[in-house]
Amino acid sequence: MAETLANDRFLRALRREETDTTPVWIMRQAGRYLPEYRATRARAGSFMALAQAPELACEVTLQPLQRFDLDAAILFSDILTIPDAMGLGLYFAEGEGPKFERPIDSAADVDKLRVPDMDDELRYVMDAVRLIRSELAGRVPLIGFSGSPWTLACYMVQGSGSRDFAKVKAMAWNAPALMHRLLDTVAQSVATYLIAQAEAGAQALMVFDTWGGLLSPGMFHEFSLRYLAQVTHALKAHSATAELPLVLFSKGANGHLEALAGTGCDALGLDWTIALSEARHRVGDKVALQGNLDPSTLYASPEIITREVHAAITDFGPHPGHVFNLGHGVTPGVDPDHVRALVDAVHDAGRRIRKR
């Protein structure tokens, strides 16, 4: 889907090309901190009803771009669409987060899993991508995304969120062959899902390895990194995704930046527990970097937000290959005016550092 973009600095930064300023988008930029999002969600009746209605998913995807000078849109969806499409029965308990009616408990459960049909079980996602891309009309690029194989497996086995995902780790320790069978099927599904999003119109892709940081070094390489690499290789081998920038974000996994950069991805997302300068020193020019302001900074005054943004961009330096973002998603209690202060500060600081 060839198209000239009015603003392509996000894609240029991911390719480590020169840009006029630092591009910025924000994880969960369409979310509960925006009153217009809350109104649309109330109209939908539930989170899943919102996510599964392409017109409403498009509406909330575009809402933050109508408020802020963002450099990318990201599909409004959920990382758990794949296991839901596999028949695990995703639902959201009020105040408790996502849960599955039928979590993975046995080898028989794993054997039943199949890669979902992207034109059937996940058609609503692809319809949303097509509609959002059309409505953007070349304003900014559209990011498609998925959860990582390990992160999806965590929810699929545990059945819900958890502090330690003990049930999942027990399977990895006690039945590693079974865990690998599960992860292989999920990795195939993730790759197929992202390829379908690209074919529907996504112009960059991101994989969220939210729970990779829970693993010890050896287990991270065996159960998370291995499957991030599998997904990356599948994407780089497919004509629809070979040229699309791919961002891997493994939260809490700063000890593995070099290995993550070695997967063949184009960029790494960073949480807020590492300095941008240190990360850049460790990975060099192999990948671009995305991040990484502490999300809680948005509760500070606009003056402090501006100061911290300038400090982060100065720390990265006047080099190509930086996309500004938070180190995780924006939280519901944030004042939208503070998000505007952040976005404006990024563009200001990015221009200033390029003039040095």
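Tutor: In β9, V323 is the bridge partner of Q290, where a strand is a DSSP run of E with at least two residues and a helix a run of H or I with at least four, both numbered from the N terminus. This is a predicted model, in which local features need pLDDT of at least 70, side-chain atom pairs count only at pLDDT 80 or more, and totals for chains, interfaces and linings use all residues. Residues are numbered from 1 along each chain as its sequence is written, and side-chain values use heavy atoms, with hydrogens and water left out.

Student: Over how many bridges do β8 and β9 pair?
Tutor: Two strands pair if DSSP finds at least two bridges between them, and β8 (residues 288-290) is joined to β9 over two bridges in the parallel sense.

Student: In what order do the seven strands of the open sheet lie?
Tutor: The order is β1-β4-β5-β6-β7-β8-β9, with parallel pairing. β1 (73-74) and β9 (322-323) stand at the edges with a single partner strand each, so one side of each has no neighbour in the sheet.

Student: Is T263 buried or exposed?
Tutor: Buried means under 20% relative accessible area, exposed over 50%, and partly exposed in between, using a 1.4 Å probe and protein chains only. T263 counts as buried because its relative accessibility is 5%, and this residue is found in the loop between α12 (257-261) and β7 (267-269).

Student: Which residues does T263 touch?
Tutor: Contact means heavy atoms within 4.5 Å; leaving out residues up to four places away in sequence, T263 touches L225, A229, T232, H233 and L248.
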